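Here are my notes on the ligand site, as promised. Have a look at the structure first, then read on.

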Amino acid sequence: MAFTFSGDDVCQATQPTPLPEPYWVAFSPSSAKLIGIELDKNQLPTDTTWLAVLSGNQLSTGTHQFPNPIATAYSGHQFGVWAGQLGDGRAILLGDIAGQELQLKGAGITRFSRMGDGRAVLRSSIREFLCSEAMHALGIPTTRALSIIGSDLPIRRETLETAAVCARLAPSFMRVGHFEHFASLDDVGRLKEFADYLIQNHYPESQNTENPYLSLFKEICSRNANLVAQWQSVGFCHGVLNSDNISVLGLTIDYGPFGFLDQFQIDHICNHSDQGGRYAYHRQPQIMHWNMACLASAMIPLLANDSGKEKAQEQLRGALEQFPVVYAHKWQSLFRKKLGLFTVQEGDIPLIERLLQAMHDSKVDFTSFFRNLGKLQVNSAISKNPLRDEFLDRESIDRWFVDYAERLQLESSSDIARQKEMDRINPKYVLRNHLAQSAIEMAQNKDFSEVIKLLKILSHPYEEQDEYHSYSLAPPPNAQSVEVSCSS
Ligand code: AMP
Ligand code: MG
């Protein structure tokens, strides 16, 4: 059940603005399955009224009614600074369907749109759509994307583009920014209403603990700590880890200027608007921790009710200290597996760190290196393995490979079994920027085939899919520097 705040200062009953002459750009059969939409042979809904509903032009299909769409405001910290009330995510919630909230992003102005036009462009909608579905297929918690509906309606950003509406699904789209909103208004009543809703609907295990609000906080922290480690394990940078872009369910949310690493650069900044590198690849855990501290501040009044402010602060601080512990545990476990180390041995972490340092120094392609590492045959002449050619300092990496081979001897599995396991954690295909960019450029010329093709490939990231091998390769030199910014 979607949460609706009492009070129209934060929750407005609102209609989507109709989208002129809408057409299908993309549709996710996997998301459709999640909410039981039946598909025809073209993998589009058999009930054709979905096109009108998902573009915001109509509020019912043959079988589903969405009579009460709403927009919800939130606040947040942007780039480390309190920004007050922000907006509604440019999203209108149509309603619930099969345990999922169905949201339209880019469906027009609401009371919370501030200076914005409430629209989203085709470019950013394609990025959000593809990455949501790619992340899901990678096994990383995320909001889902159901569809993109396009229109020739012109939208002004840096240049003139066209509008699109992306339909998203999630058990809840609520963010840290919702907690911060009520805390900033000193509205303990609605803060409590919101926390109680979350506990009841999404964290029932917290209900029977000694301190349900503290338990809720710990769980949100833990989910987001695990999430960041998962992002890093596939080379993902979110790009805008503002507190309003942090899900209280620990989902990846709000795909803007995100990026998957091509060359491994530990301090890679994927967002062209992030000049200081606040949200660089290696800073993500620290920044997520910082966002959890924002959440802790917002939750103080909830805990203080029972035990007083000082005790509440102490409890939340104690819980917050667990964040780096949970994160490190997950990170270590994932990177061990990426190297095919399925037992825990002393010296594993320095071995992983030496590799990452060497990859950074030589700007080695992150995704293909790990995928190919699985192909290594330990008992053959390890120093002659082709992966060494990726590195500038051959002597040093040869020493690393010798140590790695020695370490692999402690694993009981054969080369073949290890490769199979490693292929389950090291994806072959991720949404590299240049791939998204070429799909966008074709779509801007009304050819949506590349979006559909990418969706298909990225829905099976761990499978070989030999016919699409070229999609797994590092970008050619002329495609390396696609710049992405907050503009959407
Ligand atoms: P973002 O940087 O996309 O997370 O956006 C931050 C806030 O600005 C969100 O609350 C959005 O609702 C709002 N926003 C961004 N772009 C627009 C737009 N074109 N129209 C209305 N609101 C917007
Ligand atoms: Mg956002």
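**Notes on the ligand 1 site**

1. Sorted by class, the shell around ligand 1 holds 8 charged, 7 polar and 2 nonpolar residues. Keep in mind that this is a predicted model.

2. Who sits around the ligand? In total, 17 residues surround ligand 1. The closest are Tyr74, Gly89, Arg90, Asp117 and Gly118.

3. On to the polar contacts. Gly118 puts a polar backbone atom 2.8 Å from a nitrogen atom of ligand 1. At Gly87, a backbone N or O atom lies 3.4 Å from an oxygen atom of the ligand. Arg157 brings in its side chain: one of its polar atoms is 3.5 Å from a nitrogen atom of ligand 1.

4. As for burial, ligand 1 would expose 480 Å² if taken alone, and the protein buries 81% of that. The space that ligand 1 takes up is the largest pocket.

5. Which elements give two or more residues to the shell around ligand 1? They are strand E4 (74-78) and strand E5 (81-87).

6. Finally, the domain view: ligand 1 lies between domain 1 (11-170) and domain 2 (176-330), because both give residues to the shell around it.

Methods. Residues are numbered from 1 along each chain as its sequence is written. Chains are lettered from A and ligands numbered from 1 in the order in which they are written. This is a predicted model: local features need pLDDT of at least 70, side-chain atom pairs count only at pLDDT 80 or more; totals for chains, interfaces and linings use all residues. Side-chain values use heavy atoms; hydrogens and water are left out. A residue is near a molecule or strand if one of its heavy atoms lies within 4 Å of it. A polar contact is a pair of N or O atoms within 3.5 Å; within protein, one must be able to donate a hydrogen and the other to accept it, and residues adjacent in sequence count only if both atoms are side-chain atoms. Accessible areas come from the Shrake-Rupley method with a 1.4 Å probe; for residues, only the protein chains shown count as cover. On a 1 Å grid over the protein atoms alone, a cavity is a set of points where a 1.4 Å probe fits but cannot get out, and a pocket is an open set with protein on both sides within 12 Å along at least five of seven lines; lining residues have an atom within 4 Å of a point. A molecule sits in a cavity or pocket if more than half of its atoms lie within 2 Å of its grid points. Helices (H or I, at least four residues) and strands (E, at least two) are DSSP runs, numbered from the N terminus. Ala, Val, Leu, Ile, Met, Phe, Trp, Tyr, Cys and Pro count as nonpolar, Asp, Glu, Lys and Arg as charged, and the others, Gly among them, as polar. Domain bounds come from an automatic or database domain assignment.
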